[in-house]
Amino acid sequence: MELICPAGTPAAYREAVEAGADAVYCGFRDETNARNFPGLNFTRDELREAVAHAHSRGVQTYVALNTFMRAGSEDTWYRATDDAVAAGADAVILADMALMDYVADRYPEQRLHVSVQASASNVDAVSLLVESFGAKRLVLPRVLTVAEIANIARQVDCELEVFAFGGLCVMAEGRCSLSSYVTGKSPNMQGVCSPASHVRYREDGPDMVSELGGFTINRFGEGEPAGYPTLCKGRFHIADDDGYAFEDPVSLDVMEHLDALRAAGVTALKIEGRQRGKAYVAQVVSSLRAALLAPKDERPQKLAHLHRLSEGQRTTSGAYDKKWR
Amino acid sequence: MLLPRPLTLVIDRLPLALVQRVISQVFNRALQQHPDLFDRLGHEADKRFCFTPSDLDLAFIVHPVSRSIRVSRKSRAPRCDAGVTGPMLTLLALLEGRIDGDAVFFSRSLAVSGDMEAMLALRNALDDCSFDLPADLAGMAGPLAGPFRQLAELVRQRALAGLV
């Protein structure tokens, strides 16, 4: 299986290549991708250099253009697509069907991957995108069990990529409005979930309090591992209980299901984390590469340290190992 | 991992003017080596960032647009737009991109405050800049550049072993 690795900066990109990525995914410094964070991402020149560097090492570059086009500003996405193709992107990762149509029409030779943000999670949805736009690969939402993934793989005519490690969303990918509700901005449209401009931290005695859009969303006791300041990982007072209503601050790790995913017909494993630093990229990519090459009984040892890098310093296999229905 | 107590006692007793002079030289040297350091900051370059080592009685205030750094005692640190507090070695490791900022934040070894958009932009700018402090600063040691670099690399190696 291929290892698809994140890069938010050229430095992280180089680390991913060095650490054993088969492909690196990245985006431009604007709202055309779902990690539109301050100081992050690539200029057109940086992308061209990254693609050339990767190709010289036999590594591919996928460009994420996976937000939904804003009415009246479609040209921003079309220009980004033109530039990604011109830079030599080996694939573009898209969520908006109109943009898929643009690529299929203008660049029929360009490899098209469907982003997790498209939220295609059943055979009919996947087949529609393959037949309509010639999608070669689909990144599955993190809502499916391994058995469900295997079932889809048997019936569709494209490659499947699944998230293997990293941040975990609330499983309404491409449809989540929690960030919009509090801040007016969302990963789907502006490329930012819980934008940093709306985040504040303050100390309250030994506690750290996180605020989003003026709302207190969490309070971490002294020494308690923290998570991202997203509403989905906020703690709420419900009835007589204070706790996580949507999900705990925890990262995804499905490497224990590696053989099952391989048997299911999965083509590629994706590491989440374009917003993370180059040290994270180097450590996670090299560890997952080592695990992919190792016999099953040696894998846990190669991955054991990764929980320390994870949100809340904990990991879960999430829906892949779904036990709640 | 904290700085050894005897070392912090010495540093905290140094005259502030001397610390300011040394830090300014180090800062200017770093900017010479990495002139594009602040390019990723965009409009956040006009913000003031305060770095406060938890194991020293010092605060370092960086103003990217004027390419300046100011050192003060913690109690006299001016108000800044964004701040980060953590052990000195952790801050240096972050500066070099040797550890992941989010992971250190999750572990609560680091505290951030103020304008998070500015802080995130700075974090990403630093992370993309390939700082190598022993190599970058060795030139300041003149004829002792070689031994300085070797010693600094050894110190870094031991410090990182305690961090990661």
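I take helices and strands to be DSSP runs, where a helix is H or I over at least four residues and a strand is E over at least two, both numbered from the N terminus. With that in hand, I looked up B:Arg108 and found this residue in the loop between helix H4 (101–106) and strand E5 (111–114) of chain B.

Before going on, I note that this is a predicted model, in which local features need pLDDT of at least 70 and side-chain atom pairs count only at pLDDT 80 or more, while totals for chains, interfaces and linings use all residues. Residues are numbered from 1 along each chain as its sequence is written, chains are lettered from A and ligands numbered from 1 in the order in which they are written, and side-chain values use heavy atoms, with hydrogens and water left out.

**Backbone angles**

I checked phi of B:Arg108 and read a value near 70°, which is positive in a residue other than glycine. In chain A I looked at A:Ser119, where phi is near 60°, again positive in a residue other than glycine. I located A:Ser119 in the loop between strand E5 (112–114) and helix H5 (123–133) of chain A. A:Ser119 is buried, with a relative accessible area of 10%; buried means under 20%, exposed over 50%, and partly exposed in between, using a 1.4 Å probe and protein chains only.

**A serine in a helix**

I then turned to A:Ser127, which is found in helix H5 of chain A and is buried too, with a relative accessible area of 17%. Leaving aside residues up to four places away in sequence, A:Ser127 touches A:Gln155 and A:Val156, where contact means heavy atoms within 4.5 Å.

**Where the chains meet**

I asked how many residues the contact takes from each chain, and the count is 29 from chain B and 41 from chain A. The two chains bury about 2,600 Å² between them, 53% of it on carbon and sulfur atoms; this buried area is the accessible area (1.4 Å probe) that two parts lose on being put together, summed over both. In chain B, the residues that lose the most area to chain A are B:Arg40, B:Phe106 and B:Arg108, together 31% of what that side buries.

I counted three salt bridges between chain B and chain A, each being a side-chain nitrogen of Lys or Arg within 4 Å of a carboxyl oxygen of Asp or Glu. One that I looked up joins the side chains of A:Glu46 and B:Arg40 (3.2 Å, N to O). H4, E5 and helix H5 (116–128) of chain B each supply at least two residues of the side that touches chain A, and H5(B) gives the most, with eight residues.
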